[in-house]
Amino acid sequence: EHSARNPQAAERICQQCQQAISAVYCPPCKKKLCEPCDRLLHKPADHANHSRIPVQEMPPTPASASQRRRTTIMQQPVSIDQLKTQQREQIEKLKDRFVDVRSK
């Protein structure tokens, strides 16, 4: 399943059709592709000479800031009271912004 709940599966999805599991990575295109999309994309002469590598042989990529933040957040236990406090603070900030915009 490729969803927000399963980021590893989402990383394996073909970046062309967004449905099949990717099989190769094309560095010049900077895309992970399933076999049918790879054949289709690299059939034209201007892409035919691209060297592709199996997805399993791709060098690891550093995690993005959002991935690191999401991992950190998921590792930190949060109480209901903390969540309520955070929500109240966010609501107050939004109210302040709304008042600022209306007063201009």
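Which residues make up the largest nonpolar core? In this predicted model, local features need pLDDT of at least 70 and side-chain atom pairs count only at pLDDT 80 or more, while totals for chains, interfaces and linings use all residues. Numbering starts from 1 along each chain as its sequence is written, and side-chain values use heavy atoms, with hydrogens and water left out.

The core in question has eight residues: Cys14, Val24, Cys26, Cys29, Leu33, Cys34, Cys37 and Leu41. A nonpolar core here is a set of buried Ala, Val, Leu, Ile, Met, Phe, Trp, Tyr and Cys residues joined through side-chain atoms within 4.5 Å, buried being under 20% relative accessible area with a 1.4 Å probe, protein chains only. Cys37 touches Cys14, Gln16 and Cys17 (heavy atoms within 4.5 Å), residues up to four places away in sequence not being counted.

On to the sheet, which is open, with three antiparallel strands in the order β2-β1-β3. Strands are DSSP E runs of at least two residues, helices H or I runs of at least four, and two strands pair if DSSP finds at least two bridges between them. β2 (31–33) and β3 (53–54) each have a single partner strand, so one side of each lacks a neighbour in the sheet. Two bridges tie β1 (residues 24–26) to β3, with Val24 opposite Pro54.

Then there is His42, in the loop between α2 (35–41) and α3 (45–48). His42 is buried, at 6% relative accessible area. Its side chain makes a polar contact of 3.4 Å with that of His50; such a contact is a pair of N or O atoms within 3.5 Å, one able to donate a hydrogen and the other to accept it.

Note on methods. Buried means under 20% relative accessible area, exposed over 50%, partly exposed in between (1.4 Å probe, protein chains only).
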